Amino acid sequence: MSAAGVRLNLPPSKAFPPPNSIPKLMPMPRYFFNIRDGYDVDEDEEGIEFPDLEAARAEALATVEELRDELSDAGNIELEITDETGRRLLTVPFFRGGSGGRRR
């Protein structure tokens with residue numbers, strides 16, 4: 001059978017949207033988790049992509065909870081979330097009251 005004799009069983013052309021009408025996938029925003037101890041900042045160089053700030057906040061809260069015991073003797077430590085421009089969006093303190101250690 002020749003190539004011209006091949007029948008393709010394709011749906012009508014109206015079944016496919018035109019290429020320019022297909023929504024483009026937007027990249028997720030990247031959030032950076034810096035650790036701030038007074039004036040010293042340990043900057044996150046890589047960041048993590050999250051769908052929104054609320055998801056980044058949930059990750060920050062989980063991280064703080066996980067590291068709290070390891071850093072119980074440290075001073076006024078905060079985990080700050082910044083966007084790709086370096087703008088501070090949110091700060092999560094490791095300890096309440098700023099005196100270091102965990103309040104009970």
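# Report on a predicted protein chain

Buried residues account for 22% of the 104 residues in the protein chain. The model described here is a predicted one. The protein chain exposes about 8,400 Å², of which carbon and sulfur atoms supply 52%. Among contacts between residues at least 6 apart in sequence, 46% join residues at least 24 apart.

## The helix and the core

Helix H1 has 15 residues. From its first C-alpha to its last, H1 reaches 21 Å, close to the 21 Å expected at 1.5 Å a residue. Its N-terminal end is capped by aspartate 52, a side-chain oxygen of which lies 3.3 Å from the backbone nitrogen of glutamate 54.

The buried residues of H1 are Ala56, Ala60 and Val64. Seen down the axis of H1, these buried residues fall within an arc of 75°, so they line one face of the helix. They pack against E1, E4 and strand E5 (88-93).

The largest nonpolar core has 12 residues, and Ala56, Ala60 and Val64 are among them.

## Asparagine 34 in strand E1

Asparagine 34 lies in strand E1, which covers residues 30-37. With a relative accessible area of 5%, asparagine 34 falls under the 20% cut-off and is therefore buried. Not counting residues up to four places away in sequence, asparagine 34 touches Val41, Asp42, Glu43, Asp44, Glu78, Leu79, Glu80 and Thr82. One of these, glutamate 80, is 46 residues from asparagine 34 along the chain, yet their C-alpha atoms are separated by 5.2 Å. The side chain of asparagine 34 also reaches the backbone nitrogen of aspartate 44, at 2.7 Å.

## The loop between helix H1 and strand E4

Arginine 68 lies in the loop between helix H1 (53-67) and strand E4 (77-82). At 18% relative accessibility, arginine 68 counts as buried. Its side chain makes a polar contact with the side chain of glutamate 65 at 2.9 Å.

Leucine 71 has a relative accessible area of 24% and is partly exposed. Leucine 71 and phenylalanine 95 are 24 residues apart along the chain, with 9.5 Å between their C-alpha atoms.

## Two further loop residues

Aspartate 83 has its place in the loop between E4 and E5. Aspartate 83 is buried, with a relative accessible area of 14%. The side chain of aspartate 83 reaches the backbone nitrogen of arginine 87 at 3.0 Å. Apart from neighbours within four places in sequence, aspartate 83 is in contact with Arg30, Phe32 and Leu89.

Glutamate 46 lies in the loop between strand E2 (40-42) and strand E3 (48-49). Its relative accessibility is 63%, over the 50% cut-off, and glutamate 46 therefore counts as exposed. Glutamate 46 touches Arg30 and Phe32, with residues up to four places away in sequence not counted. Arginine 30 and glutamate 46 are 16 residues apart in sequence and 8.8 Å apart in space, C-alpha to C-alpha. Arg30 and Phe32 are also among the contacts of aspartate 83.

## Accessibility of the residues described

The table lists the relative accessible areas of these residues.

| Residue | Relative accessible area | Class |
|---|---|---|
| Asparagine 34 | 5% | buried |
| Aspartate 83 | 14% | buried |
| Arginine 68 | 18% | buried |
| Leucine 71 | 24% | partly exposed |
| Glutamate 46 | 63% | exposed |

Technical notes
Residues numbered from 1 in each chain as written. Predicted model: local features only at pLDDT ≥ 70, side-chain atom pairs only at ≥ 80, totals over all residues. Heavy atoms only, no water. Helix = DSSP H or I, 4+ residues; strand = E, 2+ residues; numbered from the N terminus. Buried < 20%, exposed > 50% of the residue type's maximum accessible area, 1.4 Å probe, protein only. Contact = heavy atoms within 4.5 Å. Polar contact = N/O pair within 3.5 Å; in protein donor to acceptor, adjacent residues only side chain to side chain. Areas by Shrake-Rupley, 256 points an atom, 1.4 Å probe, with all protein chains shown as cover. Core = buried A, V, L, I, M, F, W, Y, C linked by side-chain atoms within 4.5 Å. Expected span 1.5 Å × (residues − 1). Arc of directions from axis to C-beta.
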